[in-house]
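Here's a quick briefing for anyone opening this one for the first time. Have a look at the sequence and the 3D view, then come back for the notes.

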Amino acid sequence: MTSYTLKPYSKQPHDYQMIKETPNTKNARIGLQYGLTDSELMSLDTKMDDLDKRGWEFVEHSPENLQKLIPNTKKGNSQSWKIIVIISHEVGCIKGALRGKDRTIMLMSSLSPKCQEDYESALIRSKDTEWKICQAKMIAPLFFWREIQYRL
């Protein structure tokens with residue numbers, strides 16, 4: 001059986017990532033996170049004592065922010081998406097959980113043009129012409145994961 005857990009990210013121990021556990025592995029990190037279910041996200045243990053937001057804040061559920069978080073890919077364009085939650089950091093990064101028309105959830109991080117200059121990993125186009133999506137797993141403060149659960 002597959003299950004998911006939240007683990008601190010080694011480079012930023014106050015940020016957390018989802019780890020997929022299967023009968024064959026106990027530590028499978030996930031890349032781009034599409035197709036997640038409510039039950040998978042609700043199963044995450046968010047009861048750790050870590051309330052520090054470290055500069056992140058909730059932002060408006062605007063059409064502009066939604067476009068920044070939708071990949072301009074076959075999967076991203078395959079259905080309509082609605083915002084569950086979005087957080088932003090002053091350095092030019094937003095993170096969001098989006099619900100698809102098929103009721104699944106995707107988790108995306110998107111970078112402003114300025115933030116892209118120093119980012120060394122792969123980026124893909126978003127539906128916004130300037131912002132790009134990190135082609136990586138979601139790494140976010142604990143309050144982000146809790147807020148997803150509160151809103152499901």
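This is a predicted model: local features need pLDDT of at least 70, side-chain atom pairs count only at pLDDT 80 or more; totals for chains, interfaces and linings use all residues.

Let's start with a definition: buried means under 20% relative accessible area, exposed means over 50%, and partly exposed is in between (1.4 Å probe, protein chains only). Residues are numbered from 1 along each chain as its sequence is written, and side-chain values use heavy atoms, with hydrogens and water left out.

**Aromatic pairs**
- Two aromatic pairs turn up in a search of the whole structure; rings of Phe, Tyr and Trp (its six-membered ring) pair if their centres lie within 6.5 Å, and planes under 30 degrees apart count as stacked, over 60 as edge-to-face and the rest as tilted.
- F58 and F143 make an edge-to-face pair, at 5.3 Å centre to centre and with 85 degrees between the planes.
- F58 sits in strand β5 (residues 56–58) and F143 in helix α4 (residues 142–151), so this pair ties together parts that are 85 residues apart in sequence; helices (H or I, at least four residues) and strands (E, at least two) are DSSP runs, numbered from the N terminus.
- F143 counts as buried, at 9% relative accessibility.
- F144 and W145 are edge-to-face too, with 5.8 Å centre to centre and 80 degrees between the planes.
- F144 is buried at a relative accessible area of 0%, and W145 is buried at 2%.

**Charges over rings**
- A charge sits over a ring if NZ of Lys or CZ of Arg is within 6 Å of the ring centre and within 35 degrees of the ring normal.
- K53 lies over the face of F143, 5.0 Å from the ring centre.
- R151 lies over the face of F58, 5.6 Å from the ring centre.

**Cysteines**
- The disulfide count is zero, going by cysteine sulfur atoms within 2.5 Å of each other.
- C93 has its closest cysteine sulfur in C134, and at 5.7 Å that is too far for a bond.
- For C115 the closest cysteine sulfur is in C93, 5.9 Å away and also too far for a bond.
- C93 is buried at 9% relative accessible area, and C115 is buried at 19%.

**Around Y9**
- Y9 belongs to strand β1 (residues 3–9) and is buried, with a relative accessible area of 17%.
- Leaving out residues up to four places away in sequence, Y9 touches D15, Y16, Q17, K137 and I139; contact means heavy atoms within 4.5 Å.
- Y9 and I139 are 130 residues apart along the chain, yet their C-alpha atoms are separated by 7.1 Å.
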